[in-house]
Amino acid sequence: MSQGLDVAVVGAGPAGLATAHALARAGRSVRVLEADEAVGGRMRTLREHGCLIDTGAEMLPPAKAYPATWRLIREVGLDADRGAVPRIRGALASWREGRVRPHVGRPLGLLTGAGLSPRARADLLRLQIQLARLGPDPEHPERSPLGARTLAELLRPYHPELRYRLLGALAAGFFGWDPEHTAAAPFAAHLVSAGSSARWRTYRDGMDTLARILADRLDVVTGHPVTAVSAGPDGVRLESPAGTVTARAAVLAVPAPVAAGIHPGASGVERAYLEACEYAPMLRVSLVLDRPMEPAGARGGFATLVPALEDPLLNVVTADHNKHPGRVPPGRGLVSLVASPRGAAELLDASDAVVAERLTDRAEPLLPGLSRRVEAVRVHRFRHGLPAAGPRALRERSAFAVRPPAAVDYAGDWISLRPCSEGAVSSATTAAARVLAFLASTAPTPVPTPSEDRRR
């Protein structure tokens, strides 16, 4: 059992590690407890077959869109290496009627088409202007004038192609969201803040780069699953088969359903929000190839959206060897296939062999001969993939955001219903500030010594 620990953080993903980093910088003693044998969480990178295999498809917009992430990059000195966060060439394209349509998410796409008809492009511009006028706040989507409207309701007045060929495919492919059940405000805020895909970047050394740098500077214990958390007058007790840990405070940097399961003593306001935060499962297959492949017409691009109109099970194809040349050995290829929400629901519990076969078959129209080039397969499953940002969670968030500091706090992209690394890292700033306020309010009053009493 640990003694004298200020804060225990549960989860060594970007939210947990960024929280621990902020608390350690404030002079607090912190320990991070991670159930897995490696750090990174849903932003882990596997190093196999000479490749850097990202479990997800993280891309970084500029600092204006991701201020917390870029501030952390500067704090750890990663910005000193000018090649550490390179720009992605041809970050996003779309598949339509047997062809790749480039320049999705770029102003140039309004001229070239990006897979949209002229009327749809005009409506896209109109929608962008409308959303910019709303001034959406990614950290407080509950304050949006859009209220609890769904994404489908937001898009209904516009050309159907925006939902079925572009924005609906984006919501499904990158967030696992169903427009009929997803609140429009978080998606609109993310869309406006992310800006042009022409400026998106990646981590040269894998999407777990920040996690590994932070973990090297912190007290991190892997292989330590936390099964129960309880707060009492003497602090917080964290139970685990690997050993009990006690601390003055704790931060649960895990998905909301996991936090709800291990912390049954959460307050009513916390419980309401935790239970309202639903999650979309994510399913991704990485294929190591004997040579590079990309969809015809992608011209060195990275990610190609596959709308449900084109395929109901496959949503995104990424040519990971185009993300950065150091991702694979010379002459080899690395491709990832991301299932659609329907595909994830149907295949999440299937065997790796079945998942790989089904999604590889679906990718053949984009990558003819793909199955003959596969040398190794990795299936990535996340039952709690990304927060689904439903209207109920949006309604419950207001009370959750203003609750008083307590011994147990939370961090993660679900805090602001912003399913991305920026959502995770920015939540760490809030969590650390709340924990520091709690520790300050519960600090023991110094007992005067006899000499001090005499001086008084």
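**Figure 1. Salt bridge between Arg 165 and Glu 310 in the predicted model.** Arg 165 and Glu 310 form a salt bridge in which the closest N and O atoms are 3.0 Å apart. Between domain 2 and domain 3, the count of salt bridges is two. Five residue pairs are found in polar contact across the interface of these two domains, both residues of each pair being at pLDDT 80 or more.

**Figure 2. The side of domain 2 that touches domain 3, by element and residue class.** At least two residues of this side are supplied by each of the strands β5 (92–96), β12 (279–289), β14 (314–319) and β16 (374–387). Strand β5 provides the largest share, with four residues. By class, the residues on this side of domain 2 comprise 13 nonpolar, two polar and three charged.

**Figure 3. Domain arrangement and the area buried between domain 2 and domain 3.** The domain assignment divides the chain into domain 1 (7–58 + 205–277 + 389–442), domain 2 (86–102 + 279–387) and domain 3 (106–194). Taken over C-alpha atoms, the centres of domain 2 and domain 3 are separated by 23 Å. In contact across this pair are 18 residues of domain 2 and 17 residues of domain 3. The two domains bury about 1,400 Å² between them, and carbon and sulfur atoms give 60% of that area. On the domain 2 side, Arg 96, Leu 305 and Leu 309 lose the most area to domain 3, together accounting for 31% of what that side buries.

Figure 4. Thr 202 counts as buried because its relative accessibility is 2%, which is under the 20% cut-off. Its side chain joins that of Arg 327 through a polar contact of 3.5 Å. Leaving aside residues up to four places away in sequence, Thr 202 touches Glu 58, Ala 84, Val 85, Pro 86, Ile 88, Lys 323 and Arg 327.

Figure 5. With a relative accessible area of 11%, Gly 13 is buried. When residues up to four places away in sequence are not counted, Gly 13 touches Glu 34, Gly 40 and Gly 41. Arg 395 lies 382 residues from Gly 13 along the chain, and the C-alpha atoms of these two residues are separated by 27 Å.

Technical notes. Residues are numbered from 1 along each chain as its sequence is written. This is a predicted model: local features need pLDDT of at least 70, side-chain atom pairs count only at pLDDT 80 or more; totals for chains, interfaces and linings use all residues. Side-chain values use heavy atoms; hydrogens and water are left out. Domain bounds come from an automatic or database domain assignment. Contact means heavy atoms within 4.5 Å. Buried area is the accessible area (1.4 Å probe) that two parts lose on being put together, summed over both. A salt bridge is a side-chain nitrogen of Lys or Arg within 4 Å of a carboxyl oxygen of Asp or Glu. A polar contact is a pair of N or O atoms within 3.5 Å; within protein, one must be able to donate a hydrogen and the other to accept it, and residues adjacent in sequence count only if both atoms are side-chain atoms. Ala, Val, Leu, Ile, Met, Phe, Trp, Tyr, Cys and Pro count as nonpolar, Asp, Glu, Lys and Arg as charged, and the others, Gly among them, as polar. Buried means under 20% relative accessible area, exposed over 50%, partly exposed in between (1.4 Å probe, protein chains only).
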